[in-house]
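Subject: Structure handover

Hello,

Here is the structure for your files. My notes follow below it.

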Amino acid sequence: MFLNIIFLVGGLLLILLGANMLTDGASAIAKKFHISDLVIGLTIVAFGTSMPELVISCLSALKGSPEMAIGNVVGSNIFNVLGIIGVTAMVMPITVGKGTLAKEIPFVILSALTIAFLALDNFLGSGGDNFISRGDGLTLLLFFAIFMVYTFAIAKHSEAPEEDVAQVKPLPMWHSILWIVLGLAGLIGGGQLFVDGAKEVALALGASESIIGLTLVAVGTSLPELATSVAAALKKNSGIAIGNVIGSNLFNAFFILGTASTISPLPMGGVTEVDILMVVSSSILFWFFGWAFKKRTITRIEGFIMVACYVAYTAYLISMQ
């Protein structure tokens, strides 16, 4: 048990370090080829902070742990909204742009509804067990492609000031390539350790892989997003704090879940209708708090409510074991 916890913690540290190195290296190369900061922020940086979820979900699918793969994505998207936005708003109230409320957050709601529609076969009357098939995975990847076209379109016409976009640290080309290689090695090696450790810890505690994926793995892999959003809030940069969560949720739902289910169909197992409902309702709550009460600002009280909802949801999962 102790050794498995070491594997789990060590694997997570390697994943977080690898994701950071890969993002820095890729961003520096993109900057060297004069790709704009905004495009880097919306693509490479958002993708980089979601790399832990990608590695763990894909390795879980390959290793025959589909419940952990889907639980990781569902749990991460719930934590991103209720946990990260909630904590960030408690640190510093978040101002939400009109465009974000009208376009980007509805994309997050759409991603949650898409997961619900594709995954809940039995609940929707299609018969059989709930699962995400390879065809569903390809559908999610198609949505991801549409999102990327949209992202580049708004980036091309955006006139956001420099402080509102990702800041990229310049690196020599050899340094960037080395960072990418080492980052990938850290992600793959750390992912192997983390998945193996998490499976054994789940068995030792008598918890299902889906519960571990929805809670421990989801929170662990969302640490890059949490650190990024809180740091942005402390610098009074609401755009990055919000955009980081939006980009991560869309990458998780469309690209990561799409890729993992294309590799291997993912039965829902212990991931229930309640968990899917939490993904949808948390996304709607995110959008509602942006409009309600103090217009276009998620206040500290609203942040506290979001965190309280996440704590209540986690308590429910534990009580159902």
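Start with the helix pair. H4 passes H12 in a left-handed crossing. Keep in mind that the model is predicted. The axes of H4 (residues 66-91) and H12 come within 7 Å. They cross at roughly 145°.

The contact draws on these residues:

- From H4: Ile78, Phe79, Val81, Leu82, Gly83, Ile85, Gly86, Val87, Ala89, Met90 and Val91.
- From H12: Arg300, Gly303, Phe304, Met306, Val307, Cys309, Tyr310 and Tyr313.

By class, the residues of the H4 contact with H12 split into 15 nonpolar, three polar and one charged.

Next, Ile318. This residue sits in helix H12, which covers residues 300-319. Is Ile318 buried or exposed? Ile318 counts as exposed, because its relative accessible area is 57% and the cut-off for exposed is over 50%. Its C-alpha atom is 8.1 Å from that of Ile211. Along the chain, Ile318 and Ile211 are 107 residues apart.

Now the cysteines. A disulfide is a covalent bond between the sulfur atoms of two cysteines. How many disulfides does the model have? The count is zero, with a pair of cysteine sulfur atoms required to lie within 2.5 Å.

Cys58 has a relative accessible area of 11%, so it is buried; the limit is under 20%. Cys309, one of the H12 residues in the contact with H4, is at 31% relative accessibility and therefore counts as partly exposed.

Best regards

Conventions: Residues numbered from 1 in each chain as written. Predicted model: local features only at pLDDT ≥ 70, side-chain atom pairs only at ≥ 80, totals over all residues. Heavy atoms only, no water. Helix = DSSP H or I, 4+ residues; strand = E, 2+ residues; numbered from the N terminus. Buried < 20%, exposed > 50% of the residue type's maximum accessible area, 1.4 Å probe, protein only. Axes fitted to C-alpha atoms, helices over the stretch in contact; angles between N-to-C directions. Left-handed = near helix turned anticlockwise from the far one by under 90°. Contact = heavy atoms within 4.5 Å. Nonpolar A, V, L, I, M, F, W, Y, C, P; charged D, E, K, R; others polar.
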